[in-house]
Amino acid sequence: MATLGQDQVRSELSSLPGWRLSADGLAIEKQFVFRNFRAAFAFMTASALAAERMDHHPEWSNVYRKVDIRLTTHSAGGVTELDLKLAAAMEEAAGG
C-alpha cells in the first residue's frame, strides 16, 4: 500500500475533526475525551472490532476518560488510505 503525501493527508483530515498529522509526518493522531471510563472503554471496544476487521491496528493509550490514538501503516512507512479509513471508523464509534 502506498503512502500518501503530507498535503493529501492534511486535505483528507479536513473531514475528520480533531485529527492531525503527527510532528514526524508519519502518522495521524487524535485524543478523544469521553464523559467517563465506561464510555472510553466502549469506544475502544468498538474501535478494536473495526481495526480487527480491517486487519489494521492502532497505537493507543487510555487513561480514565481519555484515549490517545496514533495511526500509521508500519509496512508502508507512513500514512495510507487504511489509516484514514480506520480514523473514520473511530469517529463513527465515538458518535461523530
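How many salt bridges does the structure hold? In this predicted model, the structure holds six salt bridges.

The strands form an open sheet of four members, arranged in the order E1-E2-E4-E3 with antiparallel pairing. E1 and E3 are its edge strands, each pairing on one side only. Strand E1 comprises residues 20–21 and strand E2 residues 28–33, and two bridges join them in the antiparallel sense. Within this pairing, Arg-20 stands opposite Glu-29 of E2. E1 and E2 form a hairpin with six residues between the strands, and Gly-25 in the turn adopts a positive phi of about 75°.

On the other pairing of E2, six bridges connect this strand to the antiparallel strand E4, residues 66–71.

The salt bridges include a set of contacts around Glu-29. The side chains of Arg-20 and Glu-29 meet in a salt bridge with an N to O distance of 3.6 Å; as noted above, Arg-20 also stands opposite Glu-29 in the pairing of the strands. Arg-20 counts as partly exposed because its relative accessibility is 44%, whereas Glu-29, with a relative accessible area of 18%, is buried. Glu-29 forms a further salt bridge with Arg-70, in which the closest N and O atoms are 3.2 Å apart. Since Arg-70 belongs to strand E4 and Glu-29 to strand E2, this pair ties together parts that are 41 residues apart in sequence. Salt bridges that share partners join Arg-20, Asp-24, Glu-29, Glu-59 and Arg-70 into one network. In general, side chains of opposite charge can pair when their charged atoms come close.

Another salt bridge is found in a helix. The side chains of Asp-7 and Arg-10 meet at 4.0 Å, N to O. These two residues are three apart in helix H1 (residues 6–13), and therefore Asp-7 and Arg-10 are separated by about one helical turn. Asp-7 is exposed, with a relative accessible area of 65%, while Arg-10, at 47% relative accessibility, counts as partly exposed.

Most residues other than glycine have a negative phi. Tyr-64, although not a glycine, has a positive phi of about 50°. This tyrosine is found in the loop between E3 and E4, and Tyr-64 is classed as exposed because its relative accessible area is 53%. Asp-55 likewise has a positive phi, near 55°, and is a residue other than glycine. Asp-55 is placed in the loop between H2 and E3 and is exposed, with a relative accessible area of 59%.

Tyr-64 also contributes to a nonpolar patch on the surface. Phe-37, Phe-41, Val-63 and Tyr-64 form this patch, which together has about 460 Å² of accessible area. Of these residues, Phe-41 is found in helix H2, where a relative accessibility of 47% makes Phe-41 partly exposed.

The side chain of His-56 makes a polar contact of 2.6 Å with the side chain of Asp-83. Leaving aside residues up to four places away in sequence, His-56 touches Ala-51, Thr-72, Thr-73, Leu-82, Asp-83 and Leu-86.

Methods: Residues numbered from 1 in each chain as written. Predicted model: local features only at pLDDT ≥ 70, side-chain atom pairs only at ≥ 80, totals over all residues. Heavy atoms only, no water. Polar contact = N/O pair within 3.5 Å; in protein donor to acceptor, adjacent residues only side chain to side chain. Contact = heavy atoms within 4.5 Å. Pairing = 2+ DSSP bridges. Patch = residues over 30% accessible without salt bridge, like charges linked within 9 Å, V, L, I, M, F, W, Y side chains within 5 Å. Areas by Shrake-Rupley, 256 points an atom, 1.4 Å probe, with all protein chains shown as cover. Buried < 20%, exposed > 50% of the residue type's maximum accessible area, 1.4 Å probe, protein only.
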